[in-house]
Amino acid sequence: MSVLRGRPRDTALDTAIANATEAVLLSLGYSAVNIDRVAKLAGTTRAAVYRRAKTPGELVVALLVSRFGIDPAPDSGNLREDLRLIQELQRHFFVDPMVQAALAGVLNDVRDDGELGEVFYTRFMEPRRRSVAAMLARAADRGEIAPPSQPGVISDLLTGPLLLHAALPPTGPIDDTLVNATIEAALTACGAVDHTADRPAAKPSQRTRYKK
């Protein structure tokens, strides 16, 4: 006989807390996010919020998971297309107003608070890196690349340049040139097979062949 343990998770309350966190971020900024303010705006108790997040940083991490998920890598059947799709998602992520409002504060807190850094990595970054690793494994199964020994490096090549440009606007916008460069860097690091190289060279035309 099975025994139910604990009370079921209130997903409606999770949504209300995420919405309240986002509203505070957008209207007042990262420094204004705190347990009491979010609880009041969400129409719940401080204890209910605290059960889900013990710090403002954890509230924002939960919001990122809620809004952007932890399995972003697509499965189009082609590695280059997968990379293009995931980089478009990342472009939208880094220019999102909520992310823009939270980015500097989260990075600062993650640097100074090792526990928050662990929470941020475990709940948000690590699952997304696993998603990219699975995407690369599928490409290897299709014969597009060899099984990558360090898929995390590929994730860094995709995310790092976009993060730099988002965190330091004077470096320029996250434009097509930057996105395409990250895709090419990832393909090169993967040793992606260029099937165009297998095509036979075009034969010269009669006019070209006999032109003096």
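This is a predicted model: local features need pLDDT of at least 70, side-chain atom pairs count only at pLDDT 80 or more; totals for chains, interfaces and linings use all residues.
Local features need pLDDT of at least 70 and side-chain atom pairs count only at pLDDT 80 or more, while totals for chains, interfaces and linings use all residues. Residues are numbered from 1 along each chain as its sequence is written, and side-chain values use heavy atoms, with hydrogens and water left out.

**View A. Salt bridge between Asp-14 and Arg-52.** The structure holds 15 salt bridges, a salt bridge being a side-chain nitrogen of Lys or Arg within 4 Å of a carboxyl oxygen of Asp or Glu. In this pair, the N to O distance is 2.5 Å. The pair links distant parts of the chain, 38 residues apart: Asp-14 belongs to helix H1 (residues 11-28) and Arg-52 to helix H3 (residues 46-52). Helices are DSSP runs (H or I, at least four residues) numbered from the N terminus. Asp-14 is partly exposed at 21% relative accessible area, whereas Arg-52 is buried at 17%. Buried means under 20% relative accessible area, exposed over 50%, and partly exposed in between (1.4 Å probe, protein chains only).

**View B. Salt bridge between Glu-184 and Arg-80.** The closest N and O atoms of the two residues are 2.5 Å apart. Glu-184 lies in helix H9 (residues 176-190) and Arg-80 in helix H5 (residues 79-95), so the pair ties together parts that are 104 residues apart in sequence. Glu-184 is partly exposed, with 38% relative accessibility, and Arg-80 is partly exposed, at 43%.

**View C. Salt bridge between Glu-144 and Arg-142.** These side chains meet at 2.7 Å, N to O. Glu-144 is buried, with a relative accessible area of 14%, while Arg-142 is partly exposed at 33%. Through salt bridges that share partners, Asp-75, Asp-82, Arg-138, Arg-142 and Glu-144 are joined into one network.

Definitions and conventions: Helices (H or I, at least four residues) and strands (E, at least two) are DSSP runs, numbered from the N terminus.
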